[in-house]
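Please look at the sequence and the three-dimensional structure below before reading on.

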Amino acid sequence: MRELRKRLEMLEEACKQIDKGTSTGARLALILLDNLAEITMYDKVRHLFAHDSQFQGVIPRKYSD
């Protein structure tokens with residue numbers, strides 16, 4: 001829940017920076033939105049990898065390490 005609150009704060013701050021209408025605010029908003037997208041993708045991939053690792057011993061690997 002704490003992580004969700006942090007992400008919402010980042011999104012709200014990005015909105016505030018965009019509303020300022022300055023180039024510096026726009027840059028900061030872009031950085032915040034980019035960071036938010038990266039964190040979201042990381043969480044999704046981490047979840048998928050955790051799911052895939054459950055089947056690691058069931059399905060033999062095609063190639064060795």
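By how many helical turns are Glu3 and Lys6 separated in helix H1? In this predicted model, Glu3 and Lys6 stand 3 residues apart in helix H1, and they are therefore separated by about one helical turn. Their side chains meet in a salt bridge, with a distance of 3.7 Å from N to O. Glu3 counts as partly exposed, with a relative accessible area of 45%, and Lys6 is also described as partly exposed, at 43% relative accessibility.

**The overall fold and its salt bridges**

The protein has 2 helices and 0 strands: helix H1 covers residues 2–20, while helix H2 covers residues 23–53. The structure holds 3 salt bridges, which are set out in the table.

| Salt bridge | N to O distance |
|---|---|
| Glu3 and Lys6 | 3.7 Å |
| Arg7 and Asp43 | 2.2 Å |
| Asp43 and Arg46 | 3.2 Å |

Consider the pair formed by Arg7 and Asp43, whose closest N and O atoms are 2.2 Å apart. Because Arg7 lies in helix H1 and Asp43 in helix H2, this pair ties together parts that are 36 residues apart in sequence. Asp43 also forms a salt bridge with Arg46, and here both partners lie in helix H2, 3 residues apart, or about one turn of the helix.

**The surface**

The protein exposes about 6000 Å², of which carbon and sulfur atoms supply 61%. On this surface, Met1, Leu4, Leu8, Leu11, Ile18 and Leu33 form a nonpolar patch, and together they have about 600 Å² of accessible area. Helix H1 contributes the largest share of the patch, namely 4 residues, whereas Leu33 has its place in helix H2. Leu33 has a relative accessible area of 36%, and it is therefore partly exposed.

**The interior**

Of the 65 residues of the protein, 11% count as buried. Is Gln17, which has a relative accessible area of 7%, buried or exposed? Since buried means under 20% relative accessible area, Gln17 with its 7% is buried. Gln17 is placed in helix H1, and, if residues up to four places away in sequence are not counted, Gln17 touches Gly25, Ala26, Leu28 and Ala29.

How values were computed. Residues numbered from 1 in each chain as written. Predicted model: local features only at pLDDT ≥ 70, side-chain atom pairs only at ≥ 80, totals over all residues. Heavy atoms only, no water. Patch = residues over 30% accessible without salt bridge, like charges linked within 9 Å, V, L, I, M, F, W, Y side chains within 5 Å. Areas by Shrake-Rupley, 256 points an atom, 1.4 Å probe, with all protein chains shown as cover. Salt bridge = Lys/Arg side-chain N within 4 Å of Asp/Glu carboxyl O. Buried < 20%, exposed > 50% of the residue type's maximum accessible area, 1.4 Å probe, protein only. Contact = heavy atoms within 4.5 Å.
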